[in-house]
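Colleague: I would like to learn how to read a model like this one. Can we take it feature by feature?

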Amino acid sequence: MLEQGLMSFALLGAGWVLWLLVFLSIGCVAVSLERVVYLVRDTTDRLGLQRAIELFLKDGDRDKLQSQLQGLNGFEARVLKAGIELAPMGPHAAEKAMTGTAVAEKMKMERGLAFLATVGSNAPFLGLFGTVLGIIKAFHDLSVNTSDASEAVMAGISEALVATAVGLMVAIPAVVLYNTFNRWVKGRLSRSESLSDLFLARLQGESMAHGK
């Protein structure tokens with residue numbers, strides 16, 4: 001019973017695997033487009049943010065920095081806004097606020113990237129699985145009809161190998177897209193961390209000066 005069920009499944013061939021790979025590739029395109037739109041819309045004006053931080057480092061005016069941040073959007077600006085809101089409670093509170101905001105924003109930026117990573121790492125195995133099923137079907141057809149045996153086997157195997165090729169065609173772009181988005185997210189996190197450190201350094205300097 002079990003062997004018959006498995007054989008029936010194997011004789012379905014590689015067709016359904018190819019359709020699965022097609023749907024996965026469409027999913028990768030959809031996720032990538034959504035991530036591009038999100039990350040582009042969520043971009044912070046780097047020059048404006050850098051100038052605001054530089055002015056704050058010179059004069060230490062929190063109210064002025066806060067007003068400048070209100071006109072800026074994006075991940076980096078939101079992290080600094082969280083820090084400046086709790087700055088009156090001390091550098092430690094500001095640091096905790098910025099760290100928590102950065103973690104939450106990081107989760108938003110990485111949404112959907114796990115799908116790209118999963119497809120990139122598993123699509124070749126799906127293609128290989130389809131190839132194996134196609135070869136099994138080819139030899140089964142050979143056992144049923146031995147006339148023109150060599151042509152039947154070669155045709156069946158060549159069709160089965162298409163699944164491996166399609167699997168690689170789906171996996172390679174998925175891996176490239178995942179690495180691209182991952183570098184993008186890491187770059188923004190690094191910029192945010194750098195600006196946060198400058199902000200905290202100024203706050204700690206003021207705190208130590210007042211302590212004296």
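Modeller: Start with contact range. This is a predicted model. Residues 24 or more positions apart account for 80% of the contacts in the protein chain with a separation of 6 or more.

Colleague: Which secondary structure makes up the protein chain?

Modeller: The protein chain has eight helices and zero strands. Along the sequence the pattern reads α-α-α-α-α-α-α-α.

Colleague: How much of the chain is buried, and what does its surface consist of?

Modeller: Of the 212 residues, 37% count as buried. The chain exposes about 12400 Å². Carbon and sulfur atoms supply 65% of that area.

Colleague: How do I read a nonpolar core?

Modeller: In soluble globular proteins, nonpolar side chains tend to be buried together. Here the largest nonpolar core has 40 residues. Those with the most contacts inside this core are Leu65, Leu80, Met109, Val119, Phe199 and Leu203.

Colleague: Which elements give two or more residues to this core?

Modeller: They are α2 (15-41), α3 (46-59), α4 (62-70), α5 (75-85), α6 (91-109), α7 and α8 (149-211). Helix α8 gives the most, with 11 residues.

Colleague: Now the charged pairs. How many salt bridges does the structure hold?

Modeller: Side chains of opposite charge can pair when their charged atoms come close. The structure holds nine salt bridges. One of them joins glutamate 76 and arginine 188, with the closest N and O atoms 3.5 Å apart. Glutamate 76 lies in helix α5 and arginine 188 in helix α8, so this pair ties together parts that are 112 residues apart in sequence.

Colleague: Are glutamate 76 and arginine 188 buried or exposed?

Modeller: Check each against the cut-off: buried means under 20% relative accessible area. Glutamate 76 is at 5%, so it counts as buried. Arginine 188 has a relative accessible area of 2%, so it is buried.

Colleague: What else meets glutamate 76 in a salt bridge?

Modeller: Arginine 191 does, at 3.5 Å from N to O. This pair also links distant parts of the chain: arginine 191 is in helix α8, glutamate 76 is in helix α5, and they are 115 residues apart. At 28% relative accessibility, arginine 191 counts as partly exposed.

Colleague: How far apart are the closest N and O atoms of lysine 106 and glutamate 110?

Modeller: They are 2.9 Å apart, and the two residues form a salt bridge. Lysine 106 is partly exposed, with a relative accessible area of 32%. Glutamate 110 is partly exposed as well, at 29%.

Colleague: Which residues do salt bridges with shared partners join into one network?

Modeller: The network holds Asp42, Glu76, Arg78, Glu105, Lys108, Arg188 and Arg191.

Technical notes
Residues are numbered from 1 along each chain as its sequence is written. This is a predicted model: local features need pLDDT of at least 70, side-chain atom pairs count only at pLDDT 80 or more; totals for chains, interfaces and linings use all residues. Side-chain values use heavy atoms; hydrogens and water are left out. Helices (H or I, at least four residues) and strands (E, at least two) are DSSP runs, numbered from the N terminus. Buried means under 20% relative accessible area, exposed over 50%, partly exposed in between (1.4 Å probe, protein chains only). Contact means heavy atoms within 4.5 Å. Accessible areas come from the Shrake-Rupley method with a 1.4 Å probe; for residues, only the protein chains shown count as cover. A nonpolar core is a set of buried Ala, Val, Leu, Ile, Met, Phe, Trp, Tyr and Cys residues joined through side-chain atoms within 4.5 Å. A salt bridge is a side-chain nitrogen of Lys or Arg within 4 Å of a carboxyl oxygen of Asp or Glu.
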